[in-house]
Amino acid sequence: MDSSVVDADLITAAEELLASLKSQQPLTHTSRAALLHQVDKLRCGLQGPAEAMAFQRTLNIFTPAMNVLVEHRVFNHVPLNGTIGLNELASKIGWDPAVLVRFLNVVLLQGILEEPEPRVYRHTRGACHLGQRYCHLMPPIQGEVQLTIGNKISDYLKTHAPEDVYDPLKSPVAYARGAEGKTYYQILEENPAFSDVWHKGMAQTPLNPVVGMFPFRDMQQAVEAEPDRAFVVDVGGGRGNALIDIMEECGGGFGAPMVLQDLKEVLQGQDPVRIDGVQAMPHDFYNEQPVKSESSAQSTLLQSNQNVLYQTGN
Ligand SMILES: C[S@@+](CC[C@H](N)C(=O)[O-])C[C@H]1O[C@@H](n2cnc3c(N)ncnc32)[C@H](O)[C@@H]1O
């Protein structure tokens, strides 16, 4: 492969990207993800071995840099509309500007902040949330969940039979946390810090949209006609984030039950789930569903990731 020539396939991919960019108006959550996928493919097609290594290095230092900036609330001091200079930012957190700038340089490379002029920073569209709602979640999510597991995965593979991957009691997570013999969710619920991070992550509904995927509001008449039947049963619904959003969208449950099902450890564990207007019902989804729909032909099932929402009214 001659690395000094731009591959014809790459030019075609770039042209396809341009056409996609022009045709995707307005951008949706899904189309943005698809476009970014095209951009990444283009970047991977262009890189040589040195750039591939450099990219990996950038990613490796990105996580610790983000953790430092988030923990020290650096993003909170960057105004949502406007800019801030390095010296002012450093003085707000009590740091030496020469140290702060090193961490900022790492995240600038990933488009988390931008530098409209030297040593002056502002938020980018991808980053403004970090200073606000999600910022406190980032270090524990990466530390507790991703890095612990990532650091042990190679040892796991060396010490386990290939079929162990399919055994929920011998998962890489269980191994990494020294808790083999327990399932992921048992481990999660036994550790308040881990479980808190996980459930807060699940509550990031702008990233995991539920309402808008199904016309819950249009069900009003049908649900009110049979108020004894459940409006929504959220199976594996965690702490009820989806139901909360649906009730917000509909102004409640139209007088019918909203049912939240999850494992007993989640619903009745260390921090029991109590939500006004929601019936928390421990249920293992491998067992028969206790909430029945009288007319299965008319019931609706939505599935997204591990979320399963059954609409059991008709
Ligand atoms: C990825 S989380 C999704 C949580 C929730 N749907 C949300 O969006 O906040 C998956 C959920 O499935 C639950 N779960 C896992 N295994 C289960 C089982 N066998 N029966 C019922 N729920 C289960 C977990 O406890 C967890 O709350």
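**Briefing on a predicted protein model with a ligand**

Helix H11 is followed by glycine 251, whose phi is positive, near 70 degrees; helices (H or I, at least four residues) and strands (E, at least two) are DSSP runs, numbered from the N terminus. The structure is a predicted model, in which local features need pLDDT of at least 70, side-chain atom pairs count only at pLDDT 80 or more, and totals for chains, interfaces and linings use all residues. Residues are numbered from 1 along each chain as its sequence is written. The protein contains 12 helices and eight strands, and buried residues make up 22% of its 314 residues.

**Confidence**

- The mean pLDDT of the protein is 82, and 83% of its residues reach 70 or more, pLDDT being the predictor's confidence in each residue, from 0 to 100.
- Among the elements of the protein, strand S1 (residues 84–85) has the highest mean pLDDT, 98, while strand S7 (residues 300–304) has the lowest, 41.
- Over residues 295–314 the pLDDT is below 50, although this stretch has 41 contacts in the model beyond near neighbours in sequence; two residues are in contact if their C-beta atoms, placed from the backbone, lie within 7 Å.
- Where pLDDT is low, the predicted coordinates should not be read in detail.

- Phenylalanine 254, in the loop between H11 and strand S5 (258–262), has a positive phi of about 55 degrees although it is not a glycine.
- Phenylalanine 254 counts as buried because 20 other C-beta atoms lie within 10 Å.

**Another positive phi**

- Most residues other than glycine have a negative phi.
- Arginine 119, in the loop between strand S2 (113–117) and strand S3 (120–123), has a positive phi near 65 degrees, and it counts as partly exposed because it has 13 C-beta neighbours inside 10 Å.

**Ligand surroundings**

- The ligand is surrounded by 16 residues, of which the closest are Met202, Gly236, Gly238, Asn241 and Phe285; a residue is near a molecule if its C-beta atom, placed from the backbone, lies within 6 Å of it.
- This shell divides into seven nonpolar, seven polar and two charged residues, with Ala, Val, Leu, Ile, Met, Phe, Trp, Tyr, Cys and Pro counted as nonpolar, Asp, Glu, Lys and Arg as charged, and the others, Gly among them, as polar.

**Helices H4 and H5**

- The axes of H4 (residues 86–93) and H5 (residues 97–108) come within 9 Å and cross at roughly 105 degrees, which means that H4 is roughly perpendicular to H5, a term for angles of 65 to 115 degrees.
- Leu86, Asn87, Leu89 and Ala90 in H4 meet Pro97, Leu100 and Val101 in H5, and by class this contact has six nonpolar, one polar and no charged residues.

**Leucine 17 in helix H1**

- Leucine 17 lies in helix H1 (residues 8–23) and counts as partly exposed because it has 15 C-beta neighbours inside 10 Å.
- Leaving aside residues up to four places away in sequence, leucine 17 touches Gln38, Val39 and Leu42.
- Leucine 17 and histidine 37 are 20 residues apart in sequence and 9.8 Å apart in space, C-alpha to C-alpha.

Key. Axes fitted to C-alpha atoms, helices over the stretch in contact; angles between N-to-C directions. Parallel < 35°, antiparallel > 145°, perpendicular 65-115°, else oblique. Buried ≥ 20, exposed ≤ 12 C-beta atoms within 10 Å, placed from the backbone.
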